[in-house]
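Trainee: Could you walk me through this fold? I'd like to go piece by piece.
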Amino acid sequence: MNIMQAFKMAWKSIWGKKGRSTLTILGIFIGIAAVMTIVSVLEGMKEFTRQQYAAMGSNRISVYIWSYSYDEEGNSLAPDYFPNLYNYCNGMRQYIDGVTPQGNVNATVSYGTKSTANMEYSWDENGNITGEMPPSLYYVSDQYSACSNLTLAKGRDLAYLDMKNYNQVCVIGAQAAKTFFGSADPVGKELQVNGNPFLVVGVYGSRLSEESAATSTIDNFIAFPYTARRLLGGEAPSQFTVKAKDNVNLNEIIPQLGGFLKGLVGSNGSYDVSSENQWQDYQNECLTQLSLILGGIAAISLLVGGIGIMNIMLVTVTERTREIGIRRAIGAQRASIVAQFLIEAAMLCGIGGLVGIAVGTLGSVVLSTFLVQITVFPPLWVTAAAFALSVALGVLFGIYPAAKASKLQPVEALRAE
């Protein structure tokens with residue numbers, strides 16, 4: 001018996017028992033679909049995280065400084081470290097593109113009838129923002145755009161003279177511009193910040209695609225010159241971002257910054273200098289571990305499906321004992337009997353795998369769009385691996401029934417009812 005005949009006989013046997021075959025395939029396709037969906041959705045989450053980090057720029061170094069001095073009300077008495085850090089980084093322009101604080105501004109911003117004091121928002125069931133979310137307010141340096149991968153869409157950027165001359169100006173993000181000004185041009189208009197006028201001199205372009213920006217707040221901010229603290233108040237910032245040049249090894253810059261901060265902070269506090277790439281790698285590692293755990297749980301259904309395949313093939317061997325006896329009596333080799341039943345088991349699982357791939361692809365697209373607003377199709381390697389796994393399960397769990405069929409003695413098999 002050649003291979004084509006074995007496939008035809010296997011298909012005839014599967015088609016002849018459609019109900020039983022469907023139930024047998026069910027366990028395989030559920031397992032394959034679950035594994036594919038889990039792997040694809042977690043890959044989508046990794047891609048979403050990568051886009052978020054890419055939008056903020058590469059080669060970013062996060063600097064944190066903590067003070068040990070507080071007043072009776074719990075407010076930090078830390079000195080203003082930024083001027084010294086700013087001057088140090090500017091002295092290393094061959095390695096560093098910029099440095100900026102990430103100090104938050106606690107203020108009310110208004111324009112006409114719009115005010116952050118009465119903005120209300122919530123998240124709907126699809127993860128989209130409903131209502132109006134007040135923008136984040138930051139004290140930044142003139143190098144903020146370089147540190148945050150921002151480009152101007154309109155107007156001009158913050159300048160060093162804005163800080164030096166204590167200019168009451170600001171540059172706003174793309175989403176903040178929509179919130180306060182709609183489709184109008186914000187440049188040249190004044191925002192009231194705690195009752196103080198601040199001239200909008202520029203608008204930053206969006207860092208994300210329209211699909212991703214719909215559920216992100218990354219462009220919903222207003223940037224003020226660092227020296228606006230004198231007017232608007234607030235504690236000295238303790239978080240800073242340093243942007244290294246793309247061709248610089250961060251492992252060379254981080255120790256130098258650490259050495260400078262050690263001398264600057266001394267025994268008055270502590271500090272931390274770390275690459276944001278480390279956080280991205282850590283998040284990806286956590287997602288990979290999660291995919292392994294969830295994939296392992298989903299793979300249990302494949303084990304159950306494989307046991308079901310073995311059970312059905314044992315039943316098939318029992319039902320076709322006389323057929324096996326006749327074939328053995330007229331000279332069929334044990335190898336051809338084994339091949340026949342292995343091919344039938346592999347076909348059953350292969351069909352289940354194809355159905356599982358179709359369902360898993362659909363599940364990946366739906367869930368990734370719903371959870372992270374990115375349409376993710378299973379990678380080709382996942383699809384190929386899923387099909388190969390399903391066929392391998394058929395072969396693995398079909399070995400025992402096939403071996404049992406091949407060991408039947410012709411005389412005893414022909415006596416079977």
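This is a predicted model: local features need pLDDT of at least 70, side-chain atom pairs count only at pLDDT 80 or more; totals for chains, interfaces and linings use all residues.

Trainee: Let's start with strand S13. Is it mostly covered or uncovered?

Mentor: Strand S13, residues 221-225, is mostly covered, as five of its five residues are buried. Buried means under 20% relative accessible area, exposed means over 50%, and partly exposed is in between (1.4 Å probe, protein chains only). Strands (E, at least two residues) and helices (H or I, at least four) are DSSP runs, numbered from the N terminus.

Trainee: Which residues of S13 point which way?

Mentor: Phe221, Ala223 and Pro225 point one way, while Ile222 and Phe224 point the other way.

Trainee: And which strands does S13 pair with?

Mentor: Strand S8 (residues 136-140) runs parallel to S13, with five bridges joining them. Leu137 stands opposite Ile222 there. Strand S10 (residues 169-172) runs antiparallel to S13, joined by two bridges, and Val171 has Ala223 as its bridge partner. Two strands count as paired if DSSP finds at least two bridges between them.

Trainee: What holds paired strands together in general?

Mentor: Strands of a sheet pair through backbone hydrogen bonds, either parallel or antiparallel.

Trainee: Which residues have the most contacts inside the largest nonpolar core?

Mentor: They are Ile61, Ile172, Leu191, Ile222 and Phe224, in a core of 45 residues. Helix H9 (residues 250-265) gives the most to this core, with six residues. There is also a second, separate core of 29 residues, which includes Met36, Ile309, Val317 and Ile357. A nonpolar core here is a set of buried Ala, Val, Leu, Ile, Met, Phe, Trp, Tyr and Cys residues joined through side-chain atoms within 4.5 Å.

Trainee: Back to Ile172. What is it in contact with?

Mentor: Leaving aside neighbours within four places in sequence, the contacts of Ile172 include Phe181, Leu191, Val203, Phe221 and Ile222. Contact means heavy atoms within 4.5 Å.

Trainee: New topic: what is the strand order in the open sheet of four strands?

Mentor: The order is S2-S14-S1-S15, with antiparallel pairing. Strand S2 (96-101) and strand S15 (269-275) are at the edges with a single partner strand each, so one side of each has no neighbour in the sheet. The twist averages 15° from one strand to the next. Angles run from 0 to 180 degrees between N-to-C directions, and axes are lines fitted to C-alpha atoms, for helices over the stretch in contact.

Trainee: How many bridges link S1 and S15?

Mentor: Seven, with strand S1 (residues 60-67) and S15 pairing in the antiparallel sense. Tyr64 has Asp272 in S15 as its bridge partner.

Trainee: Which helices lie across those strands?

Mentor: Helix H3 (residues 82-90) lies across S2 and strand S14 (239-244), at about 175° to S2. H9 lies across S1, S2, S14 and S15, running at about 170° to S15.

Trainee: How many aromatic pairs does the structure hold?

Mentor: The structure holds 13. Tyr64 and Trp66 make a stacked one, 6.0 Å centre to centre with 10° between the planes. Rings of Phe, Tyr and Trp (its six-membered ring) pair if their centres lie within 6.5 Å; planes under 30 degrees apart count as stacked, over 60 as edge-to-face and the rest as tilted. Phe82, Tyr86, Tyr160, Tyr226 and Phe240 form one aromatic cluster.

Trainee: Why does Trp66 count as partly exposed?

Mentor: Because its relative accessibility is 43%. Tyr64 is partly exposed too, at 28%.

Trainee: Last one: where is Asn149, and what about its phi?

Mentor: Asn149 sits in the loop between helix H4 (144-147) and strand S9 (152-155). Its phi is positive, about 60°, although Asn149 is not a glycine. Most residues other than glycine have a negative phi. Asn194 also has a positive phi, of about 50°, and lies in the loop between strand S11 (190-193) and strand S12 (196-204).

How values were computed:
Residues are numbered from 1 along each chain as its sequence is written. Side-chain values use heavy atoms; hydrogens and water are left out.
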